[in-house]
Amino acid sequence: MTGYFDFNATTPLLPEAREAWLRAAERHWHNPSSLYREAGITNQKLETARERLGQLLQVEAERIVFTSGATEANNLLFSAFTGQTTAISTIEHPSVREAARHWTKVSTFEADGEMPEGVALVSVMAANNESGQLLPWRELALLCRAKGISFHTDATQWLGKLEADFSPCDYLSGSAHKFGGPKGAGFLVLRDENERIRLIHGGPQENGRRAGTENYPAIEAMVTALETITPQLAACDGAGRDAFEAAMQASFEGLRLISAEKPRLWNTSLLVMPRHENLKWLTRLSRRGFSISTGSACSSGKEGSSVVVTALGASPDELRRVVRVSGGWYTTVKDWHELASAFQEVGAELDAGGMG
Ligand code: PLP
């Protein structure tokens, strides 16, 4: 796993989460809505998982709706504001941007600039998936509260990388596979426990807010993953990423780091290579066993990531040379050095006009 540098796209399943999933799937596979004893136990465990997640996020468990991931959570949120005016930051993930466009009348604003007035909802992500930039979500949440505006943060990239008290936020979304949990599990925290909200129609599950049999094993694994990783975050200081960036700057004259002057996640580096297209770097690094990205995986090559990377400050010409590198909790300083060395080798190969 040492060559894997695409943690912002997805993370490997933590062993603790795998164990939790297997145990839940083997012992508590019953439908939580059924009425016999075993189903009641599954339902209790599901509710305990909700309580545990509420404690980690510092929000009331009753406000949590389990979903299939952050994309569904973001759509569920914006569907509740159908036809209303909303404001989002210029660097939101497509699952916020497109959901906001689909359901609401949306305007965009710079998260560190002036917040629009007269909107029903403001949505600003906690950490950006491309550059790792941290946004002032806490300040904005408090400002919105003072003005009576609802505030949402998409904390998908923050969770599992930094700790936080999310109690100032009205709405919060997250996704298990970004913090060592399984794919297909996530959640939306609602403003209040009695809120009527619904995107997927059908049965009365999730208190009538999300129909469909609850995926208890995945939910159990998601909560276990966050419980496992949270105490380890204090040791994640970005030393490896910083050493990598220093090595890259020393090797490549004219290399530019995006958002480096801003507060950033400790694991992410968004680089504009001084020459050669990003896909050439990516394929040659991949052959050497290193996985990196040219932008967010769900939108690579499409409008999605270029809109955001442009808003982060890349020129149209630079866009073709942008690469994103994102490490994980167990990526060592040595792994980061090896990646920098691989970049140097690939750079020499590309300069020499190597095939491929
Ligand atoms: N929000 C952000 C900031 C993301 O990085 C992602 C995933 O790339 C999502 C939302 C979507 O998450 P999911 O894969 O759970 O739908």
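A bit of bookkeeping to start with. Residues are numbered from 1 along each chain as its sequence is written, and side-chain values use heavy atoms, with hydrogens and water left out. Since the model is predicted, local features need pLDDT of at least 70 and side-chain atom pairs count only at pLDDT 80 or more, while totals for chains, interfaces and linings use all residues.

Let's begin at T104, which sits in the loop between helix 4 (94–103) and strand 3 (105–109). Helices (H or I, at least four residues) and strands (E, at least two) are DSSP runs, numbered from the N terminus. T104 is buried, with a relative accessible area of 8%; buried means under 20%, exposed over 50%, partly exposed in between, using a 1.4 Å probe and protein chains only. The T104 side chain makes a polar contact of 2.8 Å with that of T86, and a polar atom of the T104 side chain lies 2.7 Å from the backbone oxygen of A100. A polar contact is a pair of N or O atoms within 3.5 Å; within protein, one must be able to donate a hydrogen and the other to accept it, and residues adjacent in sequence count only if both atoms are side-chain atoms.

Three strands form an open sheet in the order 8-9-10, with antiparallel pairing (strands pair if DSSP finds at least two bridges between them). Strand 8 (256–257) and strand 10 (322–326) are at the edges with a single partner strand each, so one side of each has no neighbour in the sheet. Strand 9 (residues 268–272) is joined to strand 10 by five bridges, and L271 has V323 as its bridge partner in strand 10.
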